[in-house]
Amino acid sequence: MESSKIISDDLSYQNWQQKQLDAWENKCTRCGACCGVAEGDPCEHLVEASKGKYICSIYENRFGFHKTVSGKVFECVSIRQILHKWWPGDQCCGYKRH
Ligand code: SF4
Ligand code: SF4
């Protein structure tokens, strides 16, 4: 196969992967429920970006053990790992709705 064709296929695949990733990330409504907002003791890394919309201040390095604002230790895991479970406020979760 021609090298320019291989590069073109690689780029197409990377673009497709990025679109899939963006589509997945965009399902999140930023409600903060999976980070403990509805329980009143959220993760210490959760930041309110605008009224009712939250972001993680360490998003790229979020997985692993962290503390809530009151000091309780918990493990932050991928949303895929907890989608089958229930957590307070999960009715607003964009992933559960899809
Ligand atoms: S570390 Fe995890 S639980 Fe804490 S704010 Fe970030 S995503 Fe939410
Ligand atoms: S509960 Fe779902 S929609 Fe809300 S912040 Fe967590 S992943 Fe995003």
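Tutor: A salt bridge is a side-chain nitrogen of Lys or Arg within 4 Å of a carboxyl oxygen of Asp or Glu. Keep that cut-off in mind. The model is predicted: local features need pLDDT of at least 70, side-chain atom pairs count only at pLDDT 80 or more, and totals for chains, interfaces and linings use all residues. Residues are numbered from 1 along each chain as its sequence is written, chains are lettered from A and ligands numbered from 1 in the order in which they are written, and side-chain values use heavy atoms, with hydrogens and water left out.

Student: What makes K72 and D41 a salt bridge?

Tutor: Their side chains come to 3.7 Å, N to O. That is within 4 Å, so the pair qualifies. K72 sits in the loop between β3 (64–67) and β4 (73–76), and D41 in the loop between α1 and β1 (46–50), so the bridge ties together parts 31 residues apart in sequence. Helices (H or I, at least four residues) and strands (E, at least two) are DSSP runs, numbered from the N terminus.

Student: Buried or exposed: how do you class K72 and D41?

Tutor: Buried means under 20% relative accessible area, exposed over 50%, and partly exposed in between (1.4 Å probe, protein chains only). K72 has 55%, so it counts as exposed. D41 has 16%, so it counts as buried.

Student: How many salt bridges does the structure hold?

Tutor: Three. Another joins the side chains of K5 and D9, at 3.0 Å, N to O. Both residues lie in helix α1 (residues 3–25). They are four residues apart, about one turn of the helix.

Student: Why are K5 and D9 classed as they are?

Tutor: K5 has a relative accessible area of 42%. D9 has 33%.

Student: What surrounds ligand 1?

Tutor: C35, C43, H45, L46, C56, I58, R62, H66, F74 and C76. A residue is near a molecule if one of its heavy atoms lies within 4 Å of it.

Student: How does that shell divide by class?

Tutor: Seven residues are nonpolar, two polar and one charged. Ala, Val, Leu, Ile, Met, Phe, Trp, Tyr, Cys and Pro count as nonpolar, Asp, Glu, Lys and Arg as charged, and the others, Gly among them, as polar. R62 is in this shell, and Arg counts as charged.

Student: Which residues lie around ligand 2, and how do they divide?

Tutor: They are C28, T29, C31, G32, A33, C34, I79, W87, C93, G94 and Y95. Eight are nonpolar, three polar and none charged.

Student: What is the space taken by ligand 1 called?

Tutor: The largest pocket. The space taken by ligand 2 is likewise the largest pocket. On a 1 Å grid over the protein atoms alone, a pocket is an open set of points with protein on both sides within 12 Å along at least five of seven lines. A molecule sits in one if more than half of its atoms lie within 2 Å of its grid points.

Student: Why is G36 classed as buried?

Tutor: Its relative accessibility is 5%, so it falls under the buried limit. G36 lies in the loop between α1 and β1. Beyond neighbours within four places in sequence, G36 is in contact (heavy atoms within 4.5 Å) with D41 and P42. Its C-alpha is 12 Å from that of C56, 20 residues apart along the chain.

Student: Where is A49, and why does it count as exposed?

Tutor: A49 is in strand β1. Its value is 51%, so it is over the exposed limit.

Student: What marks R30 in its backbone?

Tutor: A positive phi of about 60°, although R30 is not a glycine. R30 lies in the loop between α1 and β1. At 32%, it is partly exposed.

Student: What makes R80 exposed?

Tutor: A relative accessible area of 56%. R80 is in helix α2 (residues 79–82). R80 and Y95 are 15 residues apart in sequence and 8.9 Å apart, C-alpha to C-alpha.

Terms used: 1 Å grid on protein atoms, 1.4 Å probe; cavity = no way out; pocket = protein on both sides within 12 Å on 5 of 7 lines; lining within 4 Å.
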